[in-house]
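Trainee: I would like to go through some labels and ask what stands behind each one.
Mentor: Go ahead. Let us look at the structure.

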Amino acid sequence: MPFRFIHTADIHLDSPLRSLSLRDPDLGLLIGDATRQALVAIVDLCLEEQVNALVIAGDLYDGDQTSMKTARFLATQMQRLHEAGISVYTIRGNHDALSKITQELVLPPSIKIFGARAEAIELQHGGLAIAMHGLSFGKPQAPESLLPKFKQPVAGAVNIGIMHTSLAGAPGHDAYAPCNVADLHTSGFDYWALGHIHLRSQHVGAKTVIMPGMPQGRDINEAGEKSVSLVTVGDDRSISVEERLTSIAQFERLTVDVTTAREWRDVITAIETALAGQRDKTRSDHLVGRLKLTGNTTLAWQLRRDADLLQAEAEQRAQGIGRTWVEKIELAVRPLDETATATTADPLVELGHLMHADVMTSHGFREDVRQMIKDLLDDLPPESRKFAGNSEVEFETFIDELMTQSGDDIIARLKSPGRETQ
């Protein structure tokens, strides 16, 4: 009889979404509740597939949380699994180590939370011997590999290791319990249930090593479908993995070329077409799109000046499509005037040229902007800092874009309706 389990990680239950809530309260409510709904979807999948276990490889919580509403919700979902005879094996990741409700929560006896000392739990399933190995973070930081601390594989058993690790490192993720994938393949474990990196990956080799990614994205930097792994251990000890969709809301970046747009309604139509096309391809219940408008158009200044109206009309079209949201609109459009000759009569166009030339070449001004953004980031909580990029290179690119777009916005606001360039 095969042994089957769901492997997930990085649920980040009730993760705060302050910035999104401020921009669009309704969208903030949807995404704010999405991590809960993803957990419900995972439990539903466990029940539908009649699996033997749920494995959570860390970061079930999202840091220093004290809400007992979160605790009660989690306990309710775990009770559903307990009543169905499904065991849960979970470890604490770096975020769980900060959580105050982790120690206070009373869970059913079928829930095994591995401690900061490595353990191996042996069980028999038909003719299969299974050994579940786990090791939790005792502190939020884990600068050294946890792999040497795991117990040795149990002879004759299918050994499943549960570990929260950054592996050799990944963009946007700090180093936690780093280890080499090659060492995992030669460790004697048959399956490694990993967590921490939010992007799904399977590391091909002698054994099965899976980073399932998170089951629900929380912002545009966690775009795309999110899923869990359905793992089947056959009677012959073979291991097969299926990816199952769990995301309730799916973030996607959409580029809309408005080069051919001659009127405002042409832009709105192009936005609606892009949203509808992505909605057709999106399997998650809700699509949350960030639109980037590109191209040279005579409407460039108007689009920047009336960005609030553009957002409102795009949201209306998204609502008409159904289960579709516009998280933000980025404007990378350029006025056709910028390709004109120096005989251009509009002084605001000339001012725009000068601002781009001066701003982009002024080292002192750029450094002032750079320091101002760094000071702002220092005052924000970690989960709200991603808008400026996840690396030094991305941060510098963000500064460049901010300076360029700010100049365009200033010129756009100086242009009154009566001064539109023909």
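Mentor: Start with Phe251, which touches Ile31, Gly217, Arg218, Asp219, Ile220, Glu222, Ala223, Gly224 and Val288, leaving out residues up to four places away in sequence. Keep in mind that this is a predicted model.

Trainee: Where does Phe251 lie?
Mentor: Phe251 is in strand β13, residues 249–257. Phe251 and Asn221 are 30 residues apart in sequence, and their C-alpha atoms are 8.2 Å apart in space.

Trainee: Why does Phe251 count as buried?
Mentor: Buried means under 20% relative accessible area. Phe251 has 1% relative accessibility, so Phe251 counts as buried.

Trainee: What makes Thr232 count as buried?
Mentor: The cut-off is again 20%. Thr232 has 15% relative accessibility and therefore counts as buried. Thr232 lies in strand β11, residues 227–233. Apart from neighbours within four places in sequence, Thr232 is in contact with Pro2, Phe3, Arg4, Ser238, Ile239 and Ser240.

Trainee: How many aromatic pairs does the structure hold?
Mentor: The structure holds 6 aromatic pairs.

Trainee: Why is the pair of Phe3 and Phe5 called tilted?
Mentor: Rings pair if their centres lie within 6.5 Å; planes under 30 degrees apart are stacked, over 60 edge-to-face, and the rest tilted. The ring centres of Phe3 and Phe5 are 6.0 Å apart and the planes are at 45°, so this pair is tilted. Both Phe3 and Phe5 are buried.

Trainee: What makes the pair of Phe150 and Trp192 edge-to-face?
Mentor: The angle between the planes of Phe150 and Trp192 is 80°, with 5.2 Å centre to centre. An angle over 60 degrees counts as edge-to-face.

Trainee: Which parts of the chain does that pair link?
Mentor: The pair links distant parts: Phe150 is in the loop between β6 (128–134) and β7 (158–164), and Trp192 is in strand β8 (residues 191–195), 42 residues apart.

Trainee: Why is Phe150 called buried, and why Trp192?
Mentor: Phe150 has 6% relative accessibility, so Phe150 counts as buried. Trp192 has a relative accessible area of 0%, and therefore Trp192 is buried.

Trainee: Which residues do ring pairs link into a cluster?
Mentor: Phe3, Phe5 and Tyr191 are linked into a cluster by ring pairs.

Trainee: Which residue lies over the face of Phe73?
Mentor: Arg36 does, at 4.7 Å from the ring centre. Over the face of Phe114 lies Lys112, at 5.6 Å from the ring centre.

Conventions. Residues are numbered from 1 along each chain as its sequence is written. This is a predicted model: local features need pLDDT of at least 70, side-chain atom pairs count only at pLDDT 80 or more; totals for chains, interfaces and linings use all residues. Side-chain values use heavy atoms; hydrogens and water are left out. Buried means under 20% relative accessible area, exposed over 50%, partly exposed in between (1.4 Å probe, protein chains only). Helices (H or I, at least four residues) and strands (E, at least two) are DSSP runs, numbered from the N terminus. A charge sits over a ring if NZ of Lys or CZ of Arg is within 6 Å of the ring centre and within 35 degrees of the ring normal. Contact means heavy atoms within 4.5 Å.
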